[in-house]
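User: I want to go through this model label by label. For each one, tell me what cut-off stands behind it.

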Amino acid sequence: MRSNLGGKSRKRRSIGFSFAWNGLMEMIKSERNFRIHLIVTIIVITLGALVGLSHLEWMITTLVIGTVLVAETTNTAVEKLIDYLKPDIHPSAKVIKDIAAGAVLIAAITAFIIGCLLFIPKVYHLLL
Ligand SMILES: Nc1ncnc2c1ncn2[C@@H]1O[C@H](COP(=O)(O)OP(=O)(O)OP(=O)(O)O)[C@@H](O)[C@H]1O
């Protein structure tokens, strides 16, 4: 009985994971900005390997990349929700979408600043 319950919860968890995976696939298929973020992610990881980031620097880089991807995914969810609830033009729809886009901008600016602080000295060192 107990193991059966465990099996059910495992099944539910794996179904939940597959829904989340579908969401990510949808982001890749339909969101150009998300694809750009993924390309930038690959470039940053390659550059990080080239300059030899430390353990702590990889942790910071991973956190920053994750924050940008989460912000972009949440922004898209908000956009889709607004389009579903309020497909016509409305000032409130505009404010909500603009605020969600603002979250992506904050994450992107943060990532840019941390990227410069981490990578500029290392690339400088590598070249000189
Ligand atoms: N229903 C609406 N009513 C009023 N303004 C809107 C509405 N939908 C979108 N806008 C305005 O257009 C902007 C872009 O919205 P849209 O839904 O096209 O996002 P997007 O171009 O896909 O954005 P992103 O590049 O972040 O994915 C919004 O930030 C908002 O200012």
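Analyst: Residues 99-120 are 100% helix and 0% strand. The end C-alpha atoms of that stretch lie 31 Å apart. Helices here are DSSP runs of H or I with at least four residues, strands are runs of E with at least two, and both are numbered from the N terminus. The model is predicted: local features need pLDDT of at least 70 and side-chain atom pairs count only at 80 or more, while totals for chains, interfaces and linings use all residues. Numbering starts from 1 along each chain as its sequence is written.

User: What feature does UniProt place at residues 99-120?

Analyst: The unreviewed entry gives "transmembrane region", for residues 34-52 as well as 99-120. UniProt positions follow the numbering used here, feature names are shortened, and annotations may be inferred rather than shown by experiment. Residues 34-52 are 95% helix and 0% strand, with end C-alpha atoms 26 Å apart.

User: Why is Thr 110 called partly exposed?

Analyst: Thr 110 has 14 other C-beta atoms within 10 Å. Thr 110 sits in helix H4. Its C-alpha atom is 17 Å from that of Phe 34, which is 76 residues away along the chain.

User: Which class does Glu 72 fall into, buried or exposed, and how do you know?

Analyst: Glu 72 has 23 other C-beta atoms within 10 Å, so it counts as buried. Helix H3, residues 55-85, carries it. Leaving out residues up to four places away in sequence, Glu 72 touches Asn 33, Phe 34, His 37 and Val 104. A contact here means C-beta atoms, placed from the backbone, within 7 Å. UniProt's unreviewed entry marks Glu 72 as "active site".

User: What else in H3 is buried, and what covers it?

Analyst: The buried set is Thr 61, Val 64, Ile 65, Val 68, Ala 71, Glu 72 and Asn 75. Their cover includes helix H2 (32-51) and helix H4 (91-127).

User: How do you know that the length of H3 fits a helix?

Analyst: The expected span is 1.5 Å times one less than the number of residues. For the 31 residues of H3 that gives 45 Å, and the end C-alpha atoms are 45 Å apart, so the two agree. H2, with 20 residues, reaches 29 Å from first C-alpha to last, close to the expected 28 Å. Gly 52 follows H2 and has a positive phi, near 70°.

User: What makes H2 and H3 roughly antiparallel?

Analyst: Two packed helices are described by the angle and the distance between their axes. The axes of H2 and H3 come within 10 Å and cross at roughly 175°. That angle makes H2 roughly antiparallel to H3. Over 145 degrees counts as roughly antiparallel, under 35 as roughly parallel, 65 to 115 as roughly perpendicular, and the rest as oblique. On the H2 side the contact is made by Asn 33, Phe 34, His 37, Thr 41, Val 44 and Gly 48. H3 supplies Trp 58, Thr 61, Ile 65, Val 68, Leu 69 and Glu 72.

User: Where does Val 44 sit, and what does it touch?

Analyst: Val 44 is in H2. Beyond four places in sequence, it touches Thr 61, Ile 65 and Gly 115.

Note on methods: A residue is buried if 20 or more other C-beta atoms lie within 10 Å of its own, exposed if 12 or fewer, and partly exposed in between; C-beta atoms are placed from the backbone. Two residues are in contact if their C-beta atoms, placed from the backbone, lie within 7 Å. Axes are lines fitted to C-alpha atoms, for helices over the stretch in contact, and angles run from 0 to 180 degrees between N-to-C directions.
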